[in-house]
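Here is a friendly tour of the pockets and aromatic contacts in this model. Have the structure open as you read.

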Amino acid sequence: MSAPRIVLASTSRYRAELLRRVLPRFEQQAPGVDETALPGETPQACATRLAAAKARAVAARCPQALVIGSDQVAELDGAMLGKPGSAANARAQLAACAGREVRFHTALCVVDTRGAALRDCSALDLTRVHFRVLDAAEIDRYVAREQPLDAAGSFKSEGLGIALFERIDSEDPTALIGLPLIALCRLLRKAGLALP
């Protein structure tokens with residue numbers, strides 16, 4: 001039996017790098033989903049809804065495939081932290097996070113389009129990041145060096161961002177980068193894929 005077509009519903013290079021750890025061949029497609037949170041939506045609900053929406057949007061144009069959607073929402077004191085988009089916003093976000101705990105809700109959805117009816121399954125990971133107390137000079141150096149403008153929370157844990165933390169509490173260290181591989185492997189095995 002041949003391996004199914006695997007499609008990552010994301011153009012993120014970070015998610016693609018993670019997926020390559022467990023799958024040598026897959027496609028990437030942009031889901032084209034509006035990622036705006038709904039009024040009153042919790043961070044967990046937002047991440048879960050968007051992961052499913054991304055997977056389903058790509059699944060609609062990918063027959064005979066397993067489609068992987070993922071989304072991550074950062075939360076500080078119940079408020080969602082978006083991607084900063086500018087160095088000034090990144091510095092402000094990091095200053096707000098300094099000495100505090102930030103929660104990252106990383107949702108995953110796998111949609112199987114190989115049968116007569118769409119089947120999907122999902123997972124949600126919670127990672128708690130405990131930031132060190134950071135002074136303005138540390139924040140300035142970090143933002144200038146790593147330019148974390150496209151990262152929720154204004155850091156990249158796979159890079160120099162790891163130096164900003166006291167500790168990380170998580171069941172899956174890959175979730176913080178944006179694709180929880182432990183949960184993904186479980187969902188792919190459930191869909192019939194042999195891993196490892």
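## The second largest pocket

The lining of the second largest pocket is made up of 9 nonpolar residues, no polar ones and 1 charged. Here Ala, Val, Leu, Ile, Met, Phe, Trp, Tyr, Cys and Pro count as nonpolar, Asp, Glu, Lys and Arg as charged, and the others, Gly among them, as polar. Among the residues that line this pocket are Ala3, Pro4, Val22, Arg25 and Leu195. The space in the second largest pocket comes to about 160 Å³.

A pocket is found on a 1 Å grid over the protein atoms alone, as an open set of points where a 1.4 Å probe fits, with protein on both sides within 12 Å along at least five of seven lines; lining residues have an atom within 4 Å of a point. Grid points are joined across faces, edges and corners, and the volume is the space filled by probe spheres set on the points.

## About the model

This is a predicted model, in which local features need pLDDT of at least 70 and side-chain atom pairs count only at pLDDT 80 or more, while totals for chains, interfaces and linings use all residues. Residues are numbered from 1 along each chain as its sequence is written, and side-chain values use heavy atoms, with hydrogens and water left out.

## The largest pocket

The largest pocket holds about 710 Å³ of space. Of its 34 lining residues, Arg15, Gln72, Lys83, Asp150 and Ala152 are the closest to the centre. The lining divides into 16 nonpolar, 9 polar and 9 charged residues.

At least two lining residues come from each of α1 (13-19), α2 (43-59), β3 (65-76) and β4 (79-81). These are DSSP runs numbered from the N terminus: helices are H or I with at least four residues, strands E with at least two.

## The aromatic cluster

Phe104, Phe131, Phe155 and Phe165 form one aromatic cluster. Rings of Phe, Tyr and Trp (its six-membered ring) pair if their centres lie within 6.5 Å; planes under 30 degrees apart count as stacked, over 60 as edge-to-face and the rest as tilted. The structure has 4 aromatic pairs. One of them joins Phe104 and Phe155 edge-to-face, at 5.4 Å centre to centre and 85° between the planes. Phe104 lies in β5 (residues 101-112) and Phe155 in the loop between α4 (136-146) and β7 (165-169), so this pair ties together parts 51 residues apart in sequence.

Phe131 and Phe155 also pair edge-to-face, with 5.6 Å between centres and 75° between the planes. Both Phe131 and Phe155 are buried, meaning under 20% relative accessible area (1.4 Å probe, protein chains only).

Key:
Buried < 20%, exposed > 50% of the residue type's maximum accessible area, 1.4 Å probe, protein only.
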